[in-house]
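Me: I'm new to this one. Can you walk me through it while I look?
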Amino acid sequence: MKINLSRYLRVLLSLFVLLALTTALAFLPLGAWNWLVELPVAFAMAGLILLFFMKVWSSEPLLGLTSAVGFTWLCLLILLVSLDYISRAWPE
Amino acid sequence: MPAEAGAELPNFPFKDAGHQRESALFGMWIFLATEVLFFGGMFMAYIVYRYLHGQAFQEAGAHQEWYLGFLNTAVLLTSGFTMALAVDFARQGQRNWLLVLFGVTWLLGAAFLGIEGYEYYDKFVQHLVPGTGFRFTGSDPSASEMFFVLYFTMTGLHMFHMFVGLMLILLFGGWSWVSPSFLLKPNRFEVLGLYWAFVDIVWVFLYPLFYLVHPR
């Protein structure tokens with residue numbers, strides 16, 4: 001196995017660029033809604049770490065699928081609970 | 001009791017080294033899936049509270065120092081880079097590079113905990129720690145207090161994971177230093193690498209949610 005130093009460096013550099021981007025987005029005058037533009041950047045950063053630092057990119061398909069399981073369940077949780085709060089009026 | 005057939009083979013009970021490696025990583029990914037759900041419950045709580053009390057969260061978030069979070073994110077991402085390299089060197093049996101990179105990773109992790117510790121101290125001084133000493137002037141102090149409850153719970157739990165990771169690096173690094181044969185089973189390093197990167201991923205979400213709420 002060859003150690004791909006340049007790939008790791010490019011990933012690290014991309015992560016720094018995304019970090020700068022998400023920080024810059026936080027200063028946009030969007031009122032209370034900056035987090036909705038910041039979170040996709042966080043997902044991109046998590047994806048880079050997952051694919052390259054955790055080596056899912058070069059793993060067996062079984063490991064790639066397993067890595068997605070927890071996140072998929074979490075997305076279901078967030079989606080369904082959010083829908084509930086957004087679509088129904090809760091008594092104060 | 002008669003010995004099981006094949007027990008004398010080097011990778012028993014696995015078919016070969018590749019099978020053993022895949023099984024070790026598969027087990028770790030299952031564990032990490034439970035970790036995602038463990039942290040996920042708290043992320044869900046954060047989303048609900050922020051949706052219900054957006055204004056109070058904005059006011060509370062204005063008390064966060066975004067540049068400290070920025071610095072900590074940079075430190076942690078760099079440690080993820082050195083850890084990924086360390087794992088590769090461990091697999092190649094290059095002990096010196098492994099030890100150097102483990103050392104750098106450990107120092108970066110310790111620096112992260114130091115910066116975070118300073119922030120906690122700062123929160124205590126400013127009376128922003130939830131409880132009887134909490135002082136806050138804003139539109140809805142109890143909702144703002146919830147922001148800090150979530151902040152301390154989630155970053156605290158993350159710090160605990162970092163602490164465990166630092167102890168494991170110390171253990172694995174020390175063991176490889178004392179006995180080079182520790183590197184003959186490199187799967188353990190890959191499992192540790194996955195754990196460390198996962199802790200990175202959690203922080204990547206904590207940073208915008210707690211430091212970029214209302215930066216000044």
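Me: Is Arg21(B) buried or exposed, or something in between?
Reply: Arg21(B) is partly exposed, because its relative accessibility is 22% and buried means under 20%. Keep in mind that this is a predicted model.

Me: Which residue does Arg21(B) form a salt bridge with?
Reply: Glu60(A). The closest N and O atoms are 3.8 Å apart. This pair crosses between chains. Arg21(B) sits in helix α1 of chain B, and Glu60(A) in the loop between α2 and α3 of chain A.

Me: And how accessible is Glu60(A)?
Reply: Glu60(A) has 26% relative accessibility, so it counts as partly exposed.

Me: What network is Glu60(A) linked in?
Reply: A network of salt bridges that links Glu60(A), Arg21(B), Arg91(B) and Glu190(B).

Me: How many salt bridges over all chains?
Reply: The structure holds 5. Another one of them joins Arg88(A) and Asp84(A), with the closest N and O atoms 2.9 Å apart. Arg88(A) is partly exposed at 48%. Asp84(A) is partly exposed too, at 25%.

Me: New topic. How many cavities of 30 Å³ or more are there?
Reply: A search of the whole structure finds 2.

Me: What lines the largest cavity?
Reply: It is lined by 15 residues. Glu190(B) turns up again here: Phe53(A), Met54(A), Lys55(A), Glu190(B) and Leu194(B) lie nearest the centre. The elements giving two or more residues to this lining are α1, α3 and α6 of chain B.

Me: Now the surface. Which residues make the nonpolar patch?
Reply: Val69(A), Trp73(A), Leu76(A), Leu79(A), Leu80(A), Leu83(A) and Leu37(B). The patch covers about 680 Å². Helix α3 of chain A gives the largest share, 6 residues.

Me: Last one. What ipTM does the predictor give the complex?
Reply: The ipTM is 0.92, and the pTM is 0.93. For chain B, the mean pLDDT is 93, and 98% of its residues reach 70 or more.

Key
Residues numbered from 1 in each chain as written. Chains lettered and ligands numbered in written order. Predicted model: local features only at pLDDT ≥ 70, side-chain atom pairs only at ≥ 80, totals over all residues. Heavy atoms only, no water. Patch = residues over 30% accessible without salt bridge, like charges linked within 9 Å, V, L, I, M, F, W, Y side chains within 5 Å. Areas by Shrake-Rupley, 256 points an atom, 1.4 Å probe, with all protein chains shown as cover. Salt bridge = Lys/Arg side-chain N within 4 Å of Asp/Glu carboxyl O. Helix = DSSP H or I, 4+ residues; strand = E, 2+ residues; numbered from the N terminus. pLDDT = per-residue confidence, 0-100. 1 Å grid on protein atoms, 1.4 Å probe; cavity = no way out; pocket = protein on both sides within 12 Å on 5 of 7 lines; lining within 4 Å. Points joined across faces, edges and corners; volume = space filled by probe spheres on them. Buried < 20%, exposed > 50% of the residue type's maximum accessible area, 1.4 Å probe, protein only.
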